[in-house]
Amino acid sequence: MVTAQRRPERAEDVPISLTVRSGEALERMQATEMSALGKVVPSLVMMRTGSFTQPYLRGVGKRSTLGVENSVATYVDGVYLASSISALLDLRGIERIEVLNGPQGTLFGRNATGGVIQIVTRDPIGEDSGEVTLHAGTDGYLRSDLYLTGGDEQLAGNLAMSLSRNGGYGLNFYTGRTSQGETDHSLAARSKWVWRPDGPLTLTLAGDYQDIDQDFASLPVEGYTPIGLPRIQTFRDHDQDSPARYSFQYGGLSLRAVIEIGKLSLMSLTAVRALAAAYGVDLDLGPTPLFSASVAAKQDQFSQEIQLRSSGDAKLQWVTGLYFLSVEEQYDPTTFGYTGAYSARLGGRTGQALFSRGTASAYAAYAQGTLPLRETTRLTLGLRYTIEERALRANGQQGYAGPPAVRPIPGLPLPGQDPFRNRETFSELTWRGSLDHHFSDEAMAYLAVSRGFQSGGWNLQTPQIAAFGPETLDDFEAGLKIADQSQQVSADVNVFYYDYEDVQVSAITPMGNGTINAASADAYGMELQLNVRADEQTELTLGLARIETRFGRFPNASCINYTASAPVPYAPMACDVSGNHLPFAPELKLNVGASHRTSLGKAGTLLLSGNAAYNSGYFAEPDNVVRQGAYATVDVSAEWRPLGHLPSVRLWVINLTDAQYSESLVAFPTAGVLRSPAAPTQAGVSLSYGW
């Protein structure tokens with residue numbers, strides 16, 4: 001059962017291309033972090049730039065920072081996560097995850113141009129039970145998980161907690177420490193309480209918190225010599241004087257109230273969330289202090305949704321609602337340090353401090369209904385109208401070795417002066433229509449058209465750059481879903497075409513990284529998902545995505561001069577990228593999974609699982625110069641589940657092939673090309689005991 005249309009339905013009855021994975025399946029496939037979802041979802045590429053998690057679905061996504069939100073919206077138990085920092089989620093112990101491909105602009109609204117990632121956590125049950133799991137692995141990996149639930153039919157609650165650390169896997173030649181990928185600590189906690197008093201009311205209070213302190217250093221890319229001239233350049237080792245520590249704390253509370261009024265269901269969802277992050281980056285990538293940055297970021301959000309829904313047995317299935325979101329975010333501050341030859345290149349500049357604050361207020365009303373035209377044919381129509389107000393204010397200063405020692409950042413007043421201000425309002429009507437036909441209880445085909453919208457705004461790292469405009473995406477799609485009554489075989493195949501207008505893309509400007517609008521782009525492709533239960537013991541999964549993406553006419557793109565003879569290394573310049581591929585849009589992705597359960601008689605059972613994923617590679621920037629090559633990963637595990645009250649034992653290996661690919665890849669003006677390598681082969685053991 002999924003909630004892709006904001007009501008419980010079988011996945012095979014929903015006229016939307018989607019991928020559903022249970023928490024247990026994610027555990028078997030070893031995709032227990034957001035960064036690993038790309039290995040089990042065929043059209044998804046998960047990237048990360050610094051502290052910001054950035055999903056790309058069917059090639060649609062962007063480098064998000066504060067002020068620039070993801071094009072693929074992430075929800076936890078119905079609550080939208082406005083910050084891509086807080087999308088760096090731990091997925092152990094959840095109920096399921098739903099990935100909806102294509103714009104979901106009617107029922108999910110803002111910032112769902114590319115699709116939606118829905119995370120559904122476990123509901124408590126009215127009986128006492130629990131589970132504890134201990135993990136140990138290579139590179140000093142240690143983790144403990146605890147899950148408790150209990151209560152009765154009226155009041156039930158649960159608590160899920162985990163604490164982990166990792167010793168790192170890449171040597172810093174400068175410090176002599178193996179710090180790449182090191183996690184000092186990662187604490188994650190979730191709790192949910194459900195109260196069902198006598199009557200038609202159900203209240204659900206949910207809370208979550210995550211605290212991470214880790215090393216996520218940027219390393220050079222072969223063929224692009226960084227300005228810091230490191231003495232060693234291997235795929236995972238590095239040579240840097242400045243630490244790359246990332247510290248995040250984020251969490252929130254939500255209260256869902258559902259009341260049954262006759263044959264109608266009224267829902268209210270109120271949520272607050274907050275985050276604080278601090279991180280540093282050695283941008284010269286070498287042992288000499290030339291160019292570094294440190295950032296302190298904060299964000300607070302409040303959301304309120306009220307929804308009215310028809311009963312499940314009504315002839316006309318409909319849902320309507322109102323939505324409000326308020327976000328306040330700030331860099332307080334972002335600082336850059338310059339020394340040596342790099343400082344001289346900037347005319348003696350020694351530092352820069354930027355203080356910027358942005359606010360966003362979004363208001364929306366939506367409605368969608370599904371009407372049966374015949375016994376086996378249904379028409380679905382939906383509309384959503386969104387108004388979004390954005391504002392910012394900013395100050396900044398630069399320090400110089402010579403007088404005047406303090407100067408304003410071009411376009412911004414000095415701190416203490418009246419700040420630079422800007423304000424814009426954006427609005428859009430988004431829609432969805434679909435026609436589905438059930439040939440039988442086992443086969444359904446659909447045609448769908450929908451529009452997604454993401455408002456414009458400002459990158460708070462470069463607030464003085466003119467606001468970028470909104471983007472829209474029209475999706476034309478046809479699909480076929482098959483699920484036999486024995487549930488042994490299910491298949492989902494679709495073809496789609498995107499008409500993508502005013503595409504928001506990352507831009508490299510003399511002021512720094514910003515966001516601009518490309519004129520247009522298009523994308524088309526097909527996706528196939530297949531699940532086969534060969535027998536009671538064996539299950540196979542297959543996911544395939546074949547996609548083509550192209551920019552339309554885009555003659556004024558912002559690029560980097562990579563030539564060795566350039567007067568200023570890696571200087572920004574104008575270029576024509578018309579006809580180029582969209583960034584992070586591989587032409588082919590494939591994942592194949594298998595699990596087999598073998599009876600050991602009185603000794604219990606043995607569960608063998610594996611997942612292989614292939615990515616054909618992608619470009620990092622619109623200029624299509626820097627490229628991640630093709631790679632494949634293989635993850636395997638073997639779990640012994642004894643009979644009786646004994647702990648299960650699972651042996652696991654992640655990245656068995658030791659594939660060398662990057663979790664982050666970005667061209668940074670005047671510095672070079674930066675990447676963060678994925679972890680090497682990791683192996684370990686997990687002990688789990690439940691009661």
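Strands here are DSSP runs of at least two residues, numbered from the N terminus. By that numbering, S578 lies in the loop that links β32 (572-575) and β33 (588-599). The model is predicted.

**S578 and its surroundings**
- Setting aside residues up to four places away in sequence, S578 touches F551, G552, R553, F554 and P555.
- With F554 there is also a side-chain approach: the side chain of S578 reaches the backbone nitrogen of F554 at 2.6 Å.
- T359 is 219 residues from S578 in sequence, and the two C-alpha atoms are 34 Å apart in space.

**Three-stranded open sheet**
- The strand order is β15-β40-β39, with antiparallel pairing.
- β15 (219-220) and β39 (662-668) are the edge strands, and each pairs on one side only.
- β39 and β40 (residues 672-677) run antiparallel and are joined by six bridges.
- Within this pairing, R675 of β40 stands opposite L665.

**Five-stranded open sheet**
- This sheet has the order β1-β6-β7-β4-β5, and its pairing is mixed.
- Five bridges connect β1 to β6 (residues 96-101) in the antiparallel sense.
- Opposite R21 stands I97 of β6.

- In soluble globular proteins, nonpolar side chains tend to be buried together.
- The largest nonpolar core in this model consists of 54 residues, and F248, F291, Y331, Y562 and V673 have the most contacts inside it.
- At least two residues of this core come from each of β2 (44-49), β3 (52-57), β16 (245-261), β17 (264-282), β18 (291-309), β19 (317-338), β39 and β40.
- β39 and β40, which supply residues to this core, are also members of the three-stranded sheet.
- Beyond its neighbours within four places in sequence, F248 is in contact with R48, S51, I85, L88, Q210, D211, I212, Q214, A276 and A277.
- Another core, of 22 residues, lies apart from the largest one and includes A112, A360, A362 and A364.

Definitions and conventions: Residues are numbered from 1 along each chain as its sequence is written. This is a predicted model: local features need pLDDT of at least 70, side-chain atom pairs count only at pLDDT 80 or more; totals for chains, interfaces and linings use all residues. Side-chain values use heavy atoms; hydrogens and water are left out. Two strands pair if DSSP finds at least two bridges between them. Helices (H or I, at least four residues) and strands (E, at least two) are DSSP runs, numbered from the N terminus. A nonpolar core is a set of buried Ala, Val, Leu, Ile, Met, Phe, Trp, Tyr and Cys residues joined through side-chain atoms within 4.5 Å. Buried means under 20% relative accessible area, exposed over 50%, partly exposed in between (1.4 Å probe, protein chains only). Contact means heavy atoms within 4.5 Å. A polar contact is a pair of N or O atoms within 3.5 Å; within protein, one must be able to donate a hydrogen and the other to accept it, and residues adjacent in sequence count only if both atoms are side-chain atoms.
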